[in-house]
Amino acid sequence: MNYSITVKEVKKIKFKLIHKIICVFAAVFIIFFLLTGIIAQKTLEHQVNVNAEEYVATLINDEGIDIDNYFKKLEALGQRSVNFIKKTLKHEPTPVELQEFDKKYRYINGALRSNLTAFHDEDISGVFLSNHTDLNYEIKKIIIATEGTFDDYARGVSGTVFNMYIITRQQLIRIYKKDWAFAVEPDHDFSKDFFYFIADPEHNPERKSRWTDPYYDSIWKHWMTSLITPIYTGNDFWGIVGHDVILDDVYRQVLKKKYFNTGYGFIFDSKKNIVIHPHHLNKLFETAEMGTKLTFSDIGDQALTGAISKAVENINTTGEILEIDFSRDGKEFHLQTYKLDFLDWYFGIVVPSEEVIKMLPQFRKQFLIGGIVLSIIIFSVVVLLVYCYVISPIINLTKVAREIRSGNFNKKAEVKGHDEIGELATAFNDMTDKLNKSFKNLQKENAERRIAEEALKESENRFRALVENTSDWVWELDENGMFTYASHKVKDLLGFKTEELIGRTPFDFMPPEEKKRISGILQPIIEGRKPFEKLEHKCLQKNGNLIMVETTGIPIFDKEGKYLGYRGIAKDITAYKKSEEEKERLQAQLLIAQKMEAIGTLAGGVAHDLNNTLGAIVGYPDLLLDEIPQDSSIRSSIMAIKQSGERAAAIVQDLLTLARRGVNTTEVVNLNDIVSKYFETPEYKKLKEFNPDVDVETSLIPDLFNIIGSPVHLSKTVMNLVANSAEAMPGGGKIVISTQNRYLDKPVKGYNRVNEGEYVVLTVSDNGTGISKQDLGKIFEPFYTKKVMGRSGTGLGMAVVWGTVKDHQGYVDVKSEEGEGTTFELCFPITKKDIDKTEEPVAAQDYSGNGEKILIVDDMEAQREIASSILTKLNYDVHTVSSGEEAVEYVKTSTVDLLILDMIMDPGIDGLETYKRILEIHPNQKAIIASGFSETGRVIEAEKLGAGKYIKKPYTREKIGLAVKFELEKQTES
């Protein structure tokens, strides 16, 4: 086939076709205008209705989105309020705040309410506490914690909501609008109110914010709805925060537009309750009660009610718009409804049909102008099409013919048919097919590349947004372990800028010992190209502070599997670790306290019985020694019995200390004196005899403050600590005992938490074997010992130390490491009082009697015999009875100069009750109290009634003799 063609032949074809086109185009143009006129007449009215519907649909869609956004913002406000309240609950009230509490709140009509006269002008919230609930420290803490900060926050949201309040499970209300606290009945139970229980765990297991149905509030005279948000502390339901929204305000803020002339918008729910309506919201204003709801049935609009019911039944998805026509009183109306993305609410617009019809002339004019414009546009399009599909191909074909004649075969003519132009175009298109095919393949490859580039760019943008907005620090390392990327969050974590990390390794930001530890952990992981998760380690911030960081990382490989480095995240867990450590410390202290309480109760009972049993062992040797000559061979044996009894009594005293019943801390003492006197005791000499390689040094400051305490127990404490240190150094060593004054301006956390104040500190340190971490938490437990029980001690030594310190209102701190020694620090509160002068020893004849009559009342026969024997030897007329009842009967017929009353007698009445009954017979009867325990509440009560000195069993001649002599002389003087 010959494809050769000349330019002259192409021009002839062009002029021939243009002549035909002009004729056809004229006919088409005339027919088009005729058809346009006919169609315009028939569709005008339809277009008016369609335009009106589209206009309303656009309005209702825009308004619906605004309404959804409005209520969603309120829901976000509810959650912000919850977070705000939970922050305030961490506040611990100060003593000043607790003192001011009673000024700000008082009981009115049986319920705690805000005392408005004590409030400042800027205080805008009030408090109400039902008489169902007792006022305790926890409630005071809540009120104080939320006081000022609640006012600030409520003031901030007062422009958004009408009211704001919190209700706790304890029936505590704090509410913005403080006057409302006086409007509540004193026994009102808020847990029964609908706006409270809809958010509690039973009715709201999802723990989400809940909206109430629209209701009428009879207090504030408004139609409203309430946003109720639950408050949880951990998994515990704490209460709710509520925000009341006035529906009138919502209508003014959200539904401002007019639709045509009299059309209006309103909101209703799936139960046909009116939420917002411009005409009927105040219909029941005068007669409505609290909680009343308003439905469309209430306003008598049956036609609108039917249309709403149809809308609720047919709208299934959020954002869907449904149009319904209905008639009322002979008039036609259009109703368009929109399902809100908020609860089960709907937004509707009602427009009278006649208002739409009135727009017909306006639309006719607009349509006529539009028709003319459209005709011109269509005419222009036809001309353009003719030009493009007829004239332009001919012109193009002429150009292509010139290009082909000149040797350029890149051009290709468009073929639109099998006419002359089509045949002509086909002649040279065949020659360029292969070039066109190659060009299309190239275009396809370029398109695929652009799609891939856009996908990669989108992925990078998502990754960048994720990295920059996460609270954690995102990092990447190269194959040499150096940072190649760090998100800007690293500045919040470590204080360094991103560029300061590039080219450095993570180990550059760790302390030396931590670097060594983490290197040992990570080396096998990195060599194995394995991921690691939640690796905890220390990091140094730019300011030198240490923080605890948790890091997770995964290895990075390219497409060929080549190792490129690691990528991961890190976050600051310092606060979390501190809270966990504090929790463990408190749990350990609670466990120790529980053990001490349980064992102390047992020890107290045992001590009481032992004191009674030891009475004979301690008391009788004194009597026997008076009867035996100085050169008797059995005198040493009796002395041994006496010393054994005294040692047993000392153990009983340890048990009483352990039971927290045996320490009398009313004497002013100086720890320097206690330490100095310890070196003169037989116990210290015995310790040096058995531990000759142990050196004991002292460092006592001369101006040491005094403390209130018991010299006996403090001396025993020093003895136990030194003995404990000596036994921790079997090969010898050095013990240092030191004292100092210390002032703490803030609490210090150690083995105990030491509160702020002035203290005298006793320190006993050694360089012995130390204490392991697992044993450190048990050293103060009774009978816990690493020694051989019965050979090295009773196992009570450190428990006695603990009990003594606690009885002195002090604190203990212990620092120890295995192989590095141990240091005990005992902190005692100081006193400004001076030490009383020490009394001289009293000779036996100074406390002997002159035949005074004494009645001993004790349920233990051995105790009666011991006391009777001692007092008889001291020249008293002694009589005994075995119970309180017998004592009462005795004094009815006889008088005595002095009663010695055992406080605990079983069965029968105790010493206090016995003394009360005897005073009814002899109002001025003198008595002294005896017991195996220290002073109890009943002993103190007996002393208030007139009883004299209190003596503790077991009896010794000097102890009971001095007490009796003192009381009798006081009686003589009186």
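**The sheet**

Strands here are DSSP runs of E with at least two residues, helices runs of H or I with at least four, both numbered from the N terminus. This is a predicted model, where local features need pLDDT of at least 70 and side-chain atom pairs count only at pLDDT 80 or more, while totals for chains, interfaces and linings use all residues. Residues are numbered from 1 along each chain as its sequence is written, and side-chain values use heavy atoms, without hydrogens and water.

I then checked E10 (residues 264-269), which runs antiparallel to E11 and is joined to it by two bridges; two strands pair if DSSP finds at least two bridges between them. I read the five-strand open sheet in the order E11-E10-E14-E13-E12, with antiparallel pairing. E11 (274-276) and E12 (321-328) are the edges; each has a single partner strand, so one side of each lacks a neighbour in the sheet. I noted a twist averaging 30 degrees from one strand to the next. Axes are lines fitted to C-alpha atoms, for helices over the stretch in contact, with angles from 0 to 180 degrees between N-to-C directions.

Helix H8 (residues 302-314) packs on the sheet and touches E10, E12, E13 (331-339) and E14 (345-352); contact means heavy atoms within 4.5 Å. I got about 160 degrees between the directions of H8 and E12.

**Positive phi**

I found Arg529 with phi near 55 degrees, in the loop between H15 (512-527) and E17 (532-540). Lys534 has phi near 50 degrees and lies in strand E17.
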